[in-house]
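Thanks for coming. Please have the sequence and the structure open while I talk.

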Amino acid sequence: ILEEAGDVANVSKPLNTLALIAVERGQYGRAFGLQERSLEAARRSGLVSVQAVALLNLSTLHARVGRLEAALSNNEAAAALHERIGDRGTLGGMAMDRGIILIELGRLDEARDAIAEGLSIAEDLGRHDQKLSALLSLAKISMLQDESAQAIAYAKRAVTTARSGAHPVNVARALATLGASHQAAGDLPASIGALEEGLVVAQEIGALDVECAVLKNLARTHAARGEYEPALALSRDASVKLPRVVAGLADEQRALAREQWHGVQDVGVRAAFELGRVSEAVELIERSRAGALIESLGGRGTLAEAALPPTIAKEERALRAEVLAARNRLNAARAAGKRKAIRAARDELRAVEAKTLELAERVQRVSKAARVTIDTPPATVPQIQASLRENDALVSYAVTTDGEGLAIVITPSEARFVGLGSLSAGTGSPDDDTFDMADAKALRSLLV
């Protein structure tokens, strides 16, 4: 109606809203189209404030799907318009967003400057949450630049800021960052203390994403101390919970989320190697491989449409929407800081997740007939061995964060680890461009 009436000044706003709805539904192509139309209408209107909003929304959308250069360009264009308006509060938030994008691009000095600008504005205007976000980001940058003392200082300020607020989830995040900062400084007991405190808070309020992040960092800290039993147990716990973290996300977001959790597999496999636990290492690798397979085939939605009867496919989509809605209500309750509401929302989310497990069992039964598995469980060593012929072997490779190469060799009669040494010391890897025939012969002598 607005377009027919030629009201270009007001057309941009509903287009922005429709784009946000499309994002929540995982319809990113449609969201980009709507957001571009919104920006075009805003430019035709000549209103600087409307153009700035459209550019900022477009920047956020690009960042959400990993198009970082485009996100940065639109953020800078929006900031230039807000400078003309004189909206200092919005400029502070945009500086924060720009800093986070720059971190992902590896431009750390520029990121530090942008986030420091956001911190200064937040402190001047008394914006508690923005100040906390800035402190956490500055701690992350300091860790990336090997400035662990500075990271600890920022993280401690973040914990103090979080405790003065009304949102327990922020306390858990700040403690997780403090634990990671102590770990970077080599103070492992202090790291474990902060992380365990953060884990208790995250579990109490049902913040599963924060819980998984803490579990990963705790596993790394225990492994650094040579405590491989707890490192393996924590890694396995995080890997099992990861599918619940990404449930309800669109395929693009799910792939990005899985990439962030690569360290869970890494530290777990290394711990399993040190303990000689082949089956646990295989479980971690196969769980990761299963998730990657689903993403490469176009996501669960594509598989569901191909393999499931329409009634179950419809139920699966509806239940995914229920999970998302329940998670949004839990986030809103956390934001309000009302513990009673948080408990109720957490119980509701758990009930919906229980329904997803029941549906998953039915999906597995139906999909087996079509030779397609929707949420592929990790293959076990006996299952792999049963699929191998007499002279067959399955070899899986892993490279840990400290550059150690590992191989797992599975034959019909045995499963064993093979240490390949430090790849940084010149040992070739099958995925390395420098891998040559001499490397192949050396590798064969280790494996066969």
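Leu284, for instance, lies in helix α15, residues 278-296. Before going further: this is a predicted model, in which local features need pLDDT of at least 70 and side-chain atom pairs count only at pLDDT 80 or more, while totals for chains, interfaces and linings use all residues. Residues are numbered from 1 along each chain as its sequence is written, and side-chain values use heavy atoms, with hydrogens and water left out.

First, the chain as a whole. The protein chain has 20 helices and three strands. Of its 448 residues, 46% are buried, where buried means under 20% relative accessible area, exposed means over 50% and partly exposed is in between, with a 1.4 Å probe and protein chains only. Contact, in this talk, means heavy atoms within 4.5 Å. Among contacts between residues at least 6 apart in sequence, 58% join residues at least 24 apart.

Now the interior. A nonpolar core here is a set of buried Ala, Val, Leu, Ile, Met, Phe, Trp, Tyr and Cys residues joined through side-chain atoms within 4.5 Å. The largest such core has 47 residues, and the members touching the most others are Val210, Val214, Leu218, Val269, Val282 and Ile408. Apart from it lies another core, of 30 residues, including Leu68, Met96, Leu119 and Tyr154.

Next, two helix pairs. Axes are lines fitted to C-alpha atoms, for helices over the stretch in contact, and the angles run from 0 to 180 degrees between N-to-C directions. Take α3, residues 48-64, and α4, residues 68-85: their axes come within 8 Å and cross at roughly 155 degrees. That crossing makes α3 roughly antiparallel to α4. For the cut-offs, under 35 degrees is roughly parallel, over 145 roughly antiparallel, 65 to 115 roughly perpendicular, and the rest oblique. The crossing of α3 with α4 is left-handed. A crossing is left-handed if the near helix is turned anticlockwise from the far one by less than a right angle, and right-handed if clockwise. Residues making the contact include Leu55, Leu58 and His62 of α3 and Ala71, Asn74 and Leu81 of α4. By class, the residues of this contact are twelve nonpolar, seven polar and one charged. The classes are these: Ala, Val, Leu, Ile, Met, Phe, Trp, Tyr, Cys and Pro are nonpolar, Asp, Glu, Lys and Arg are charged, and the others, Gly among them, are polar.

The second pair is α8 and α9, with axes that come within 8 Å and cross at roughly 165 degrees. So α8 is roughly antiparallel to α9. α8 passes α9 in a left-handed crossing. Among the residues that meet are Ile152, Ala155 and Val159 in α8 and Val171, Ala174 and Leu178 in α9. This contact has twelve nonpolar, five polar and two charged residues.

Beyond four places in sequence, Leu178 is in contact with Ile152, Ala155, Lys156, Val159 and Ala194.

Some other single residues. Thr221, in helix α11, residues 208-224, is buried, with a relative accessible area of 0%. Not counting residues up to four places away, Thr221 touches Gln183, Leu188, Ser191, Ile192 and Leu195. Gln35, in helix α2, residues 28-45, also counts as buried, at 2% relative accessibility. Leu284 is buried at a relative accessible area of 2%, and its contacts outside four places include Leu232, Arg236 and Val269.

Last, a loop. Asp146 is found between α7, 128-144, and α8, 148-163. Asp146 has a positive phi of about 60 degrees although it is not a glycine. At 70% relative accessibility, Asp146 counts as exposed.

Note on methods:
Helix = DSSP H or I, 4+ residues; strand = E, 2+ residues; numbered from the N terminus.
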